Amino acid sequence: MAGKYVLALDQGTTSSRSILFNHDGAIVTAASQEFPQVYPRPGWVEHDPLAIWETQIATAAAVLERASAGPEDIAAIGITNQRETTVVWDRATGQPVHNAIVWQCRRTTDTCERLKAAGLEDEFRKRTGLVVDAYFSGTKVKWILDHVAGARERAERGELCFGTIDSWLLYNLAGVHATDYANASRTLMFNIHERAWDPLLLEKLDVPAAMLPEARPSSGVFGVTKALGGEIPVAALIGDQQSALFGQAGFNANDCKNTYGTGCFLLMNTGAKPVVSESGLLTTIAWGIGDEVTYALEGSVFVAGAVVQWLRDELKIIDSAAESEAVAAQVPDANGVHLVPAFVGLGAPYWDMRARGTITGLTRGANRAHIVRAALESIAFQSADLVHTMEKDTAAHIPRLKVDGGACANNLLMQFQADLLGIPVVRGKTIETTALGAAFLAGLAVGFWSGLDELAAIWRLDRAFEPAWDPARREAALAGWADAVRRTKS
Ligand code: ADP
């Protein structure tokens, strides 16, 4: 086994980060660089792909230097990335033909409406596990081909490459045009059952097959890079949320992780079988290792940590996100107050995009602490709605919830989450689970780690929050929330 470290490249929406992990899965050193967000019109979001590449490789070089490590010390590189963001570039020169269209960008909403009006939603859903939405890559590629002069003809001749950010970085690192199943499963063009690009969907989106990357298992040597000096294998690609599930050692069916950031991303491992949701959750490939593919159900909370930012920046009733915990702890409960932060509508399982936020249950006795507490509780209630939806869709019981993301530092929120769900909420020592997942998959590919058992043993507990409520109290709390949501619907 060559090398002491695995290097994870974590290419996110606002920054490019590189993290060096040792054999114990501990962070040796990390570096991060932000890059500009481009907003050409309201609702449109772009990134300069060259800025992404330059900041990513600069942070990688920085961590090697800080660790006094050379390329010979790096056993492998694993890449994890913001998902769905779409790049089209010239195969010969490597020059992008347009800025990257970012996952948040809404410019293709009309295209999605047309696909739905043509009755194609079911077809897309059956094949890709996704809903037809501007979020995913397919309509973004189409937009570039429709708007850059000559692009579609060039793509048909094989002169242009499409890729999500994993592919773009891999191409720059190693000159290879490939992606992994997890990233491919977010494009609206990939058949998650056959693990192949879907000819019918490509035809409906008018995207030539000749521009698509080769889709491979997430763990495996994709190519060799000399961009950091000597030769290093690039041995894993995986989208960020799937990577976090892997970094949480969520290897087995019914393993579940929730990331508490601006929004929440909840992923449940469903094993070798793709589960179709009855409630509008997404079915996605979690990862591929060798011949085996693991599937996941995915749900998201649109407004989670963002409600804490709202308390801080708009209501100005807390000074920092962290202060929310101390303020909420001044009261034993929310005193019947519910805050439903439907600022942009309600997602799964309600799907009411016209709903808008409410505060209910106010009395003369309601104070600042009750409102702050209700806001924190809303994060846990929305997450519980997703957990219960996943349990219904899979007819399985989720035995514990592993957590990460900025707001998982809030102990009051985590305890409330455990009480509400009636299962332990488990926080690991490594908060960099996204980067760790890519490192794990890359290390597995080159024999740096021996297998999943060794990785599971590396995962270290910080704190487990044990549920303290009896079932009657849980049910009463959930009924109170359901009532507040009912009042919030449009
Ligand atoms: P993202 O990756 O989405 O930017 P992070 O994982 O960095 O998010 O988490 C930041 C979010 O978590 C912010 O919305 C912030 O309000 C919230 N947050 C951070 N710390 C706390 C805390 N101690 N209690 C509650 N919310 C918090």
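## Salt bridges, a buried helix and a ligand shell

E214 and R216 form a salt bridge, with their closest N and O atoms 3.4 Å apart; the term stands for a side-chain nitrogen of Lys or Arg within 4 Å of a carboxyl oxygen of Asp or Glu. E214 is partly exposed, at 46% relative accessibility. Here buried means under 20% relative accessible area, exposed means over 50%, and partly exposed lies in between, with a 1.4 Å probe and protein chains only.

A word on what you are looking at: this is a predicted model, in which local features need pLDDT of at least 70 and side-chain atom pairs count only at pLDDT 80 or more, while totals for chains, interfaces and linings use all residues. Residues are numbered from 1 along each chain as its sequence is written, and side-chain values use heavy atoms, with hydrogens and water left out.

### Charged pairs

The structure holds 27 salt bridges. One of them joins the side chains of R106 and D133, at 3.0 Å from N to O. R106 sits in the loop between β7 (100-101) and α2 (109-117), and D133 in the loop between α3 (121-128) and α4 (137-147), so this pair ties together parts 27 residues apart in sequence. Helices (H or I, at least four residues) and strands (E, at least two) are DSSP runs, numbered from the N terminus. R106 is partly exposed at 36% relative accessibility, and D133 is partly exposed at 23%.

Another salt bridge links E113 with K116, whose closest N and O atoms are 3.8 Å apart. Both residues belong to helix α2, three residues apart, or about one turn of the helix. E113 is partly exposed, with a relative accessible area of 43%, and K116 is partly exposed, with 30%. Salt bridges that share partners also join R83, E84, R186, D240 and E298 into one network.

R83 lies in the loop between β5 (74-81) and β6 (86-90), and its side chain makes a polar contact with the side chain of D240 at 3.4 Å. A polar contact is a pair of N or O atoms within 3.5 Å; within protein, one must be able to donate a hydrogen and the other to accept it, and residues adjacent in sequence count only if both atoms are side-chain atoms.

D240 is one of the buried residues of α9. Eight of the eight residues of helix α9 (residues 240-247) are buried, so the helix is largely enclosed by the rest of the structure. After α9 comes A249, with a positive phi near 60°.

### The ligand

Around the ligand there are 13 residues, the closest being T262, G305, Q309, G406 and N410; a residue belongs here if one of its heavy atoms lies within 4 Å of the molecule.

| Residue atom | Ligand atom | Distance |
|---|---|---|
| T262, polar side-chain atom | oxygen | 2.7 Å |
| G305, polar backbone atom | oxygen | 3.0 Å |
| N410, side-chain N or O atom | nitrogen | 3.0 Å |

Taken alone the ligand exposes 570 Å², and the protein buries 66% of that; such areas come from the Shrake-Rupley method with a 1.4 Å probe, and for residues only the protein chains shown count as cover. Helix α10 (residues 305-315) gives the most to the shell, with four residues.
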